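Open the model in your viewer and keep the sequence panel beside it. The stops below say what to select and what is there.

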Amino acid sequence: MLLPIAAPYWLQTNGAVTGRVVDAKGEGLPGVNVLVRGTTNGTQTDANGGYALANVPDNATLVFSYVGFTAQELPLNGRAAVDVTLAEDVKALSEVVVVGYTTQKRTDVTGSVASISGTEIKSLPVTNVQEALQGRMAGVEVVKSSGAPDATASILIRGVSSLNNAPPLYIIDGVRQSGDNINIQDIASVDVLKDASAAAIYGSAAAGGVIVITTKKGKPGQPAINFSARYGVTQPLTLKLLNRDDFIRLKQNIADPVYVGMERTDTLPDTDWTKQIFRDGIEQNYNLSISGGTPQLSYLVSGIYNDQKGVYLNNRSALAGARVNTEYQLGKRIKVGEQLYVWQRRTKPVTITPINPPFRTVPTMAPYTNDPANPYGRNPVGFAGPNLIAQIGTAHIDNTKSNFQGNAFAEITLPLDLSFRTTFGYTYYLENQNYFQDSYNTGAVSAPINSLTKSNAMYSTLLNNYVLSYNHTFGTHAVSALVGYEQIQSEYDALRGSQNAVGGTSYAFLPTSNSITRITPGGYDTNGLIKSTFAQLNYGFNEKYLFSLSARRDGNFTVFGPGNQYGIFPAASAGWRISEEPLIKNALPMINQLKLRGSYGVLGNSNIPPYLFLSTYEYVNAQNFYPGAPPSLGYTQTLIPNPNIKWESVYESNVGIDVEAFNGRYFLTVEWYNKTTEDMLYALPIPLSVGIPSGRFYTNIGSVRNRGLDVVLGTKGTARDFRYTATVTGSFNQNKVLNLDNINSNPIQAGDNSYGNPSYGQQTGQFLTYTKAGLPFGQFYGYKTEGIYQSQEQIEAHPQREGYKANIGDLIYQDVNGDGIISDLDKTILGNPNPKLTYGVNLNLGWKHFDLALLFNGVAGVDLYNGVAPYAQFPFSDGNTTYQVFGASFLGDNQLTSQPRLGVLTPGSNGSPATFATDPNGNYSYVSDYFVEKGNYVKLKNLQLGYTFGDALLQRAKIKSARLYVMANNLFTITNYSGIDPEIGGDVITRGIDAPLQYPHARIYSLGVDLTF
């Protein structure tokens, strides 16, 4: 028998080995450890990721290791050059998370915290962090229902928890700030505190969850310069309206006297108003950053410019911003630093409410004329609607939002394992709007006198907090604790002025003899004040048994009155690292992490206007009571005070299990939560006859419960030149209103499907949603249908509306209460707009220099109200509709179809013309389940294909790394929903209404480059 033996050292050849170590995007990694396995022969890579090793046997194995990346072992096999691409270690990247006013190792976290790194989102075509989180975290529902350039996404963490649902709290580098217009390229990590135990340290501001953002900092070494650019084309998703000939054909089919017998129709205009209003948009994005440092100093300076031309006519938005982050180590015990971020967004917003598509238009109206004195087309006979081009072209709006956010800190290391940190933060926000409305006249609609409106609003906050921390390990006991005090002061000031009959066409007030000037106060308050004390204790025994306690006491002195100003928000959690038990270690060595954890906590919500506990008065007008007399100011009471209004409280329990196996190759997290909100804050509508302008009375009413399950499942690994990461997130949620006290348990009805005015549209005077104890928020409400009448016998056998009998082809309304009459008493629940499941699938693949990323997101178990359908299937008012209308029963040559009839045509006789009774059965004007559809979908939200160039080419150009990529957003959607896009947002009790008044969704195709020097 022959035994393999190693060759003696004198038969082995030793030589030099060189190479470069890069990350998945081709950027060189400095400081990577390169070691010959089994020896002490090793080195570290330089600033460009290069390395060189001498005296290396040709059959040696090289080991490459780096913090935050998966280690690799590569046999040399006689090679003299070895280049390596290290994959990010998901487990290592998440070892430390930001929780409250401190950080914790991921293995020690006992609350519910979801995290992503900045590298996962840095290339996305977004300018807000909310949209960047979509589909990436379980329990975090993000909806982007508008394609407007300055639109933000709505974000819900573990369901809708209140009638007055609070938005998430944003903590940026330790300071609460606005989450708007953050440069995605500046983000190092995002940690979302989902449950009450993780978020309770922020108390009354955390009812909507907490999003903790840590921005990038410089690293010791040579300065690193990064430049990235992206150019994209944006395409609107719209419906096609009828062209001239088909529009006239429809009008003749329904016996419209304007069009019956009309001749020479080929000479009429044929305007496609959808194309007139919507067009392809353009996005440009540029980022530049410089970072570096020494052992005593780190710095990062960055800038962003983003310019988007919207898909809507004359709509544009540009964002410019700059950031400076520095830290200084002053000796061994003192560290100071600051983070400064300033941005400005200038927007030309939409001048009239976007309607997709613009139904109240007619193709027989020309948008323009050849007359310079009257450049806009006038109304044709039979149409009294607007010329949208005239409305848009004569309205000139400029919005400027400017924001400064800055904070400075000092941290001192004290004896006895103590440290003290103080932070000062300041935010100054200023918004100005100039709106000049020029005069125009297109016939039926006009603005005969021009006007100018200027408004501004200022908001500032000053924050200071002081935190004393303790951190020590006694053998197998680990203790960390902190106590702190925080104070937030705020100021608000707003003013609005307007003038008509202005001289000139600029944004300057130039009064004429016909001008009337009005000044309207928008509010002034310098007394905003919140004072807080907080404490936290974490204890770990033997790195297996973990415990955490926290509490915060908030005092809000302008929102709540005496006796209700203070709230206390405690939390407790515990964890058991089962994988550290010897029995599990020995029996299941492939399990790297198995942790069971549970928590309970209380959060608060004060998201209502201030001073509701006081009787307040507001200036309404000034009046001269006789010629030449001085004006007397008039005031009115603005609200009914409620001195008993108090904090809304959220009570949440959470149980979770975390599993990692095979050195982090597979990972799983499952969490169950139960969240109940008590004393919900709500603005009750009150009759206008009471004489209160707001028409609202704020109070605490009832409670609501959310229960659900969050699941994260993933895998990652490498195989020679191939690398992959796949993560699936799923969130199951059930929402239920438990009671609605203080309003006699009456239901809350809301929502409409109007056309820009509550009293004008296809389905006016009807509420679409219904909120009542025992049901989820905002259920769709209306008539149930049982199909379409097929025969006269069927009509005779079915209950009818009083005073009217249906026709074949009409909808059959269900007699829900069984009284033999179809009436409002038969209205009932039609569907649930709150999804039972939201999910995401995130795939990242790499092969050599190529990388491919795909992000899918979707929902299941959700209903939508297709409010566009009553306009798309029916000729609305004197306007247009879509080609769906020609599917209606008994229209033209149609017989009975799957669409209800538009009305009843009575042929002419004895010289009298034919007449058409428009929809007497309410097929398209009544709210019914005919318009309620399943809204389940899966969407390819982002597709990105990149290529990282090789070293030889880059070295000649003196570039450390270069990546070129192409990308598409909203590439396709798989759904049975018949509307334009099933991704529909909405308020708490009006979710899921796909109304025609909305900015179109958009599809984006982009090309980008990322360079590091």
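Select Ser-117 and find Ser-189 in β15, which stands opposite Ser-117. The model is a predicted one. Now extend the selection to strand β10 (residues 113–117), where four of the five residues are buried. Strand β15 (residues 187–193) runs antiparallel to β10, and five bridges pair them.

**The whole chain**

Zoom out. The chain has ten helices and 55 strands. Its C-alpha trace spans about 120 × 70 × 65 Å along the principal axes. Taking contacts between residues at least 6 apart in sequence, 69% join residues at least 24 apart.

**Val-34**

Select Val-34, which lies in strand β2 (residues 33–36). Val-34 counts as buried because its relative accessible area is 1%, under the 20% cut-off. Show what surrounds Val-34: beyond its neighbours within four places in sequence, its contacts include Asn-41, Tyr-51, Leu-53, Val-63 and Phe-64. Val-63 is 29 residues from Val-34 in sequence, and the C-alpha atoms of the two are 5.7 Å apart.

Next select residues 395–414, strand β22, together with strand β21 (residues 334–348); the two are antiparallel and joined by 14 bridges. Arg-346 has Thr-400 in β22 as its bridge partner.

**Salt bridges**

How many salt bridges does the structure hold? There are 34.

- Arg-323 is buried at a relative accessible area of 4%, and Asp-186 is buried at 3%.
- Arg-552 and Glu-486: their side chains meet in a salt bridge, 2.8 Å from N to O. Arg-552 belongs to strand β29 (residues 545–556) and Glu-486 to strand β27 (residues 477–500), so the pair ties together parts 66 residues apart in sequence. Both Arg-552 and Glu-486 are buried.
- Lys-934 and Asp-863: the closest N and O atoms of this salt bridge are 3.2 Å apart. Lys-934 is in strand β51 (residues 932–934) and Asp-863 in strand β48 (residues 863–866), 71 residues apart. Lys-934 is exposed, with 54% relative accessible area, whereas Asp-863 is buried at 12%.

Then select Arg-158, Lys-194, Lys-595, Arg-597, Glu-652, Asp-658, Glu-671 and Asp-710, which salt bridges with shared partners join into one network.

**Last stop: the surface**

Switch to a surface view. The chain exposes about 44700 Å², and carbon and sulfur atoms supply 57% of it. Select Phe-722, Leu-845, Trp-847, Phe-850, Leu-945, Leu-964, Val-966 and Leu-1007: they make a nonpolar surface patch of about 690 Å². Strands β46 (837–847) and β53 (961–975) each supply at least two residues of the patch. Phe-722 sits in strand β37 (residues 722–739) and is partly exposed, with a relative accessible area of 33%.

Definitions and conventions
Residues numbered from 1 in each chain as written. Predicted model: local features only at pLDDT ≥ 70, side-chain atom pairs only at ≥ 80, totals over all residues. Heavy atoms only, no water. Patch = residues over 30% accessible without salt bridge, like charges linked within 9 Å, V, L, I, M, F, W, Y side chains within 5 Å. Areas by Shrake-Rupley, 256 points an atom, 1.4 Å probe, with all protein chains shown as cover. Salt bridge = Lys/Arg side-chain N within 4 Å of Asp/Glu carboxyl O. Buried < 20%, exposed > 50% of the residue type's maximum accessible area, 1.4 Å probe, protein only. Contact = heavy atoms within 4.5 Å. Pairing = 2+ DSSP bridges.
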